[in-house]
Amino acid sequence: MRWRRDVREHPFVTDAVIAAVLYALMLSTPVMAPHRAASLSADYVVTGAVVCGALAFRRRWPLPVLLVTVAGALVRTVLERSGAAGSPFLVATSLAVFTFALTSRRSAGLAGGAITALVLFCADGLWVPGSWWDAGNVGVLAWTGLALAAGDALRNRRAYIAAAEERTRRAEEAREQEAGRRVIEERLRIARELHDVVAHHIAVIQVQAGVAAHMLHSQPTTAEGAIGHVRLAAGEVLEELGALLGVLRESGDEIPGSGAPPEPTPSLSRLDALVRSFSGAGLFVDSVSSGHPRALPAAVDLAAYRLVQESLTNAHKHGGDRAQVTLTFHPQQLAVEVRNGPPLGVSQSTAPAGTGHGLLGMRERVLAVGGSLRAGPTPEGGFRVLALLPTPETDPAAQR
């Protein structure tokens, strides 16, 4: 509502209006009780003005305002020998107790309210004729206790709302951070996939294009074969890029113009085709498998395929002419080893150096599935990559 917004935006004006209304009530109370008309004295008017004036600053200085209102109630009780119960001074004191309990720590608020109630109760018992447990004295305890309870309850409610809002804000920040982390991970995954898909075929294209350019005039038949390999590698890279981009589409979408969903993720079942592609490009690959082949988890299968592809790509890119791929199926792990010999006519010191991104990508893939990777040169001058991938034995029927 509009008035609630105005109260929140102008708290000092609101408190000043409340103080003015309460002061008017103080001045009218003796007039409305003719038998107590003498109580409308100068000290009564001045004390009421001080107490109500202090209430205008109750939100800014709650403890000083509480002390002023208690002092005013005590002055009125001592000078007029009249109980505080039902008087505007007790209303002012209760309002100050409510504000102090609302704005202070719970222990301080409870202590301040209890001391205020005790002081007013003792003042009425000492200076007002009658029993300590008259209705007026008990009323003082009831008024201050009610104000204290209301202030403490409202403070607890505000603290609960603030805590809930803070939890909501932190949860939103956590969701945003998690979303950002997932975006970064997805970008890295896509970057690795693009590197694995493109690097191999581009290396083949580069080598075969160089062969074609060198043999174009002297051996046109050889040059024509090299151009055919370039065309084949270009077609394969376009096909794999289309499949990779298709995976990024929503579930159930089809690749435009194909009428079929994206191709399945590359796996070791396509290892023979991968080896043939390198053999056609001039890298003679010997593939060996031992142990008991079985269905592998999708992540491990993909990691093993990409590991072989990247290793053979590096061997071919750096001038190698032969390599060996060995797959060893152990009961709880798969060992993938790729060895390549030194390039013919090229010493190890003069072989082209790489950027290291390929090895970094392989290491990340292997670590992502809980495996380990070792890579380095061999004494013969070649290079060896060995990865151990965890493959717990599972029921083939469950794999399907």
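Author: Start with Val138, a residue of helix α7. Keep in mind that the model is predicted.

Reader: Is Val138 buried, exposed or partly exposed, and why?

Author: Buried means under 20% relative accessible area and exposed means over 50%, with partly exposed in between. Val138 has 37% relative accessibility, so it counts as partly exposed.

Reader: Which residues form the nonpolar patch on the surface?

Author: Val138 is one of them, together with Val75, Val78, Leu79, Leu126, Trp127, Trp132, Trp133 and Leu141. Their accessible area together is about 840 Å².

Reader: Which helix gives the most to the nonpolar patch?

Author: Helix α4 does, with 3 residues. At least two residues of the patch come from each of α4 (62–80), α6 (106–127) and α7 (135–215).

Reader: Now the strands. How should I read side chains along a strand?

Author: In a regular strand, side chains alternate between the two faces of the sheet.

Reader: Which strands pair with β2, and in what sense?

Author: Strand β1 (residues 284–291) pairs with β2 in the parallel sense over 8 bridges. Within that pairing, Asp286 has Gln324 of β2 as its bridge partner. Strand β3 (residues 333–340) runs antiparallel to β2, and 7 bridges join the two. There, Val338 in β3 stands opposite Val325.

Reader: How many residues lie between β2 and β3?

Author: The hairpin formed by β2 and β3 has 3 residues between the strands.

Terms used
Residues are numbered from 1 along each chain as its sequence is written. This is a predicted model: local features need pLDDT of at least 70, side-chain atom pairs count only at pLDDT 80 or more; totals for chains, interfaces and linings use all residues. Side-chain values use heavy atoms; hydrogens and water are left out. Two strands pair if DSSP finds at least two bridges between them. Helices (H or I, at least four residues) and strands (E, at least two) are DSSP runs, numbered from the N terminus. Patches are made of residues with over 30% relative accessible area and no salt bridge: like charges are joined within 9 Å, nonpolar side chains (Val, Leu, Ile, Met, Phe, Trp, Tyr) within 5 Å. Accessible areas come from the Shrake-Rupley method with a 1.4 Å probe; for residues, only the protein chains shown count as cover. A salt bridge is a side-chain nitrogen of Lys or Arg within 4 Å of a carboxyl oxygen of Asp or Glu. Buried means under 20% relative accessible area, exposed over 50%, partly exposed in between (1.4 Å probe, protein chains only).
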